[in-house]
Amino acid sequence: MIKPYGGMLLVKENVTTDKTTSSGLVISAAFSENNFNTGTIVDIGDGEYNYKGDLIPVNGLDIGDTIYYTKHTGHEIEDEDGQKYLLLNAKHVLATK
């Protein structure tokens, strides 16, 4: 299992699907009007250290939370089982659900 460090989050991205209108027109998920993605937090790093050496934990987020974050952020990684995740800085989280 991948373990995030510092203020990083391990996120399982929620896949958006294409939508089909009543007339049969398919609208690709790539052209959605949303400027954000959603995902579920799988693991959370311990936090970051300030200039005094004090550990500041990641607050307000828990494992299992659904989060909203901006598109094109984070780093995609794959574990030894082929499962794909996103490593995302907690500072890039816009909101939780």
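Me: Which residue in E9 stands opposite Ile 77?

Reply: Tyr 85 in E9 stands opposite Ile 77, where strands (E, at least two residues) are DSSP runs numbered from the N terminus, as are helices (H or I, at least four). This is a predicted model, in which local features need pLDDT of at least 70, side-chain atom pairs count only at pLDDT 80 or more, and totals for chains, interfaces and linings use all residues. Residues are numbered from 1 along each chain as its sequence is written, and side-chain values use heavy atoms, with hydrogens and water left out.

Me: How many bridges link E8 and E9, and what lies between these strands?

Reply: Two strands pair if DSSP finds at least two bridges between them; here E8 and E9 (residues 84-89) are antiparallel over 4 bridges. They form a hairpin with 5 residues between the strands, and Gly 82 in the turn has a positive phi of about 90°.

Me: What is the strand order of the open sheet, and which strands are at the edges?

Reply: The order of the 6 strands is E8-E9-E1-E4-E7-E10, with antiparallel pairing, and E8 (75-78) and E10 (93-96), the edge strands, each pair on one side only.

Me: Which residue in E9 is the bridge partner of Leu 9?

Reply: Leu 88 is that partner, and E1 (residues 8-13) is joined to E9 by 4 bridges in an antiparallel arrangement.
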